[in-house]
Number of protein chains: 2
Amino acid sequence: VKRAVILSVGDELVLGQTVDTNSAWLSQQLAALGLDIAGHMTVGDDQNAIAGAITQVAQEVDLLLISGGIGPTEDDLTRQALAQAMGVELRPDEACLSEIRAYFSRINRPMPVRNEVQALVPAGATHIPNSCGTAPGLAGQIGGCRIFVMPGVPKEMFAMWRLSVAAQVEDMGGGSVILSRTLHTFGMGESAVAERLGTLMDRSRNPSVGTTVAAGVVSLRLNARAGARSLAEIELQATDNACRAALGDLIYGSDAETLPKVVHRQLLTSGLTVATAESCTAGLLGAALTDQPGASAYFQQGYTTYSNAAKVKVLGVPESMIAALGAVSEPVAVAMAEGAAQASGASMALSITGIAGPDGGSAQKPVGTVCMALAAGRSKTFSRTFHFPGDRDMVRDRSVKMALTLIRFQLLGRPLPF
Amino acid sequence: VKRAVILSVGDELVLGQTVDTNSAWLSQQLAALGLDIAGHMTVGDDQNAIAGAITQVAQEVDLLLISGGIGPTEDDLTRQALAQAMGVELRPDEACLSEIRAYFSRINRPMPVRNEVQALVPAGATHIPNSCGTAPGLAGQIGGCRIFVMPGVPKEMFAMWRLSVAAQVEDMGGGSVILSRTLHTFGMGESAVAERLGTLMDRSRNPSVGTTVAAGVVSLRLNARAGARSLAEIELQATDNACRAALGDLIYGSDAETLPKVVHRQLLTSGLTVATAESCTAGLLGAALTDQPGASAYFQQGYTTYSNAAKVKVLGVPESMIAALGAVSEPVAVAMAEGAAQASGASMALSITGIAGPDGGSAQKPVGTVCMALAAGRSKTFSRTFHFPGDRDMVRDRSVKMALTLIRFQLLGRPLPF
């Protein structure tokens, strides 16, 4: 398998003023072609640093994609650095210059003299037309390493990749393809998920299965490498099935599916309606339930009862219950959910009452303690106490995700698997 | 000047499935300390690749910051790679293990055996406590290069930097300093803001002023470069003052200040209370108003009336008014706000009713049409219709920001400046 490195150039990147999104985008393109990405590098607008990175990488891999540093200004030095690393001179390229001139005449402006520098090409390299800007790209080679230089402006880079570079590197994939899929779970920790997956996570396995965590969602990343796309697809699906066999309903969706999207679909199908009674989340659950268009089919109203007085007045929670047990208790959660179900007439009502912090915690009920209840028709109201880690934002976010998970399992007709 | 490199570790990064934001964030921190950032590198979850990168970088620079690869699973290999590069063994660290155990007992879960691996520390290195996750960081050294390993999860990495690493590398700064500040505005477009700033935005100016837009917030980025920190601070403050002179109250805060934080502070100071009546935002405004701890001083309850029936029943909006004018109209917004003020007894009530889309728009009221009203005591209820661009998420987000802006100017006692 051919190996590639992606190099980004720009002071704004090394100073952290701009987040580099080009490298991730190019990685996806290369992975889809079946190349192995050895890594990314970023250096500033410094000719020696750029040339040094090119020289080093060219010894190690088969393909180097560079973005940035080919504009018309003095701090654009990738062109010079490539010539330096190739050990050649920069020469004016007539075809290239006329393309730049044509660009300016298209946008009805005189070409500044400064842009002439963009028509300089290292001897032995060739220029790549830029369909939406002035900066032509460059294609060169050092030893066995092919090098392509593209603009740093994402839009121009995407266009140059699609119109020129992709076709030139396609044959480097050697038919080997990497397909990826991500499966999402919520409610169980990363290590517990990994334990259930067992040998599926073996480092040497293909397709490989790795776990990542983002905002409490534990995701399985499946990467299938195969000689042909069709084979990779079959293997990916087999591993997907194996992960689902190991984790069951804990997996709520794949790739771009989110808990709000999945629960939205379930609610639409069910024909049921849902109301909310929120304390510490103060509306976030209502917002999540209406995240998708068409939510009015199942969501009519929500009650945000942040104070104890509001819980009593709006939802009919007994004042004495709050006094005896505290607002963060399962009986209060049950009373909130049942009060919301009754007041709204919805088929289900979900309540959340908890301590989001940083203040308000105690030894018995530390910050992160959150009680929820789900009232649904005549069946006994379900309630449960959770302990979420992290700060205020995290506790509120995990509470909403857990509430959606409770609704999800209620609609699946199954008990919580944790 | 001491030089630093930032290394990110993770297959999801080299495959382009996740965009690396950690490196940019860490770069900003290092630049503010006056360190020179030689570059960024990214490698996958491959022990030899990580160890190779560490070995190479350690020969070239004075500081190496690493994020990622210290989770509990088999694909987390930065710990092993650091030991390999240092040429030492991994040893169990008792203090570290008990911190991990303490974390699990805080969140009321048994510690999986798998997490024990996180208490392994290369001989000669030390562990760094993690305040919001299980993965301890590592501090080591190879020759003259100091090495810090932090978690890949941004939130955990930020916390570890702030609580531990920053103080340990502070003394390495000292050259030319770049200080940055960001001033935030909401409600006016980027070009209108730029026009007001005039020559402050000249490219050659130092400190420089540039504008960026993120989620509707138009921010001014001020960069001051100077030989000494004290000088950079003075120059930065002078430019800050000049920007405020040009834009006045349109600037709501700087750097990490958000609209919810600023309005929270205002509300606490005012001693007033606020209630919400939300339709299309379905709780997002209530969530924003309770984003900060201590919100119970001014927020007791909110009404999410998503359906017309709920607006009538819960807030007393006349059914005939909705029939005649539509739910998205200023009179309905006024009735919602006045209904919420009356039902809650709060000093102020803010209502939002709009068309978040993608469906429900018409020629008269296209998607993005949002009516808001602010009822405050005996004064006439203020109302206004806004037209927000973008998709459902954007319309809901901008609605909340505008609602906070209405509250902000109400508390400032000034009319909206746009």
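Over all chains of the predicted model, a search of the whole structure identifies 18 salt bridges. One of these pairs links B:K155 to A:D391, whose side chains meet with an N to O distance of 3.3 Å. B:K155 belongs to helix α6 (residues 154–169) of chain B, whereas A:D391 is placed in the loop between β17 (382–387) and α14 (392–412) of chain A, so the pair joins two chains. Across the interface of chain B and chain A, the rule finds 1 salt bridge.

The interface itself involves 75 residues of chain B in contact with 75 residues of chain A. The size of an interface is often given as the accessible area lost when the parts come together. For chain B and chain A, the area buried between them is about 5,400 Å², with 51% of it on carbon and sulfur atoms. On the chain B side, B:L15, B:Q17 and B:Y306 contribute 10% of the area that this chain buries against chain A, more than any other three residues.

Helix packing was examined within each of the two chains. Two packed helices are described by the angle between their axes and the distance between the axes. In chain B, helix α7 (residues 190–197) and helix α8 (residues 229–247) have axes that come within 9 Å and cross at roughly 115°. This angle makes α7(B) roughly perpendicular to α8(B), and the crossing of the two helices is right-handed. The contact brings B:V193, B:R196 and B:L197 of α7(B) against B:C243, B:A246 and B:L247 of α8(B). Classified by residue type, the contact of α7(B) with α8(B) comprises 5 nonpolar residues, no polar residues and 1 charged residue.

In chain A, the axes of helix α3 (residues 47–60) and helix α4 (residues 78–86) come within 8 Å and cross at roughly 50°. With this angle, α3(A) is oblique to α4(A). The crossing of α3(A) and α4(A) is right-handed. From α3(A), the residues in contact are A:Q47, A:N48, A:I50, A:A51, A:I54 and A:T55; they meet A:T78, A:Q80, A:A81, A:L82, A:Q84 and A:A85 of α4(A). By class, the contact of α3(A) with α4(A) contains 6 nonpolar and 6 polar residues, and no charged residues.

Technical notes
Residues are numbered from 1 along each chain as its sequence is written. Chains are lettered from A and ligands numbered from 1 in the order in which they are written. This is a predicted model: local features need pLDDT of at least 70, side-chain atom pairs count only at pLDDT 80 or more; totals for chains, interfaces and linings use all residues. Side-chain values use heavy atoms; hydrogens and water are left out. Axes are lines fitted to C-alpha atoms, for helices over the stretch in contact, and angles run from 0 to 180 degrees between N-to-C directions. Helices (H or I, at least four residues) and strands (E, at least two) are DSSP runs, numbered from the N terminus. Angles under 35 degrees count as roughly parallel, over 145 as roughly antiparallel, 65 to 115 as roughly perpendicular and the rest as oblique. A crossing is left-handed if the near helix is turned anticlockwise from the far one by less than a right angle, and right-handed if clockwise. Contact means heavy atoms within 4.5 Å. Ala, Val, Leu, Ile, Met, Phe, Trp, Tyr, Cys and Pro count as nonpolar, Asp, Glu, Lys and Arg as charged, and the others, Gly among them, as polar. Buried area is the accessible area (1.4 Å probe) that two parts lose on being put together, summed over both. A salt bridge is a side-chain nitrogen of Lys or Arg within 4 Å of a carboxyl oxygen of Asp or Glu.
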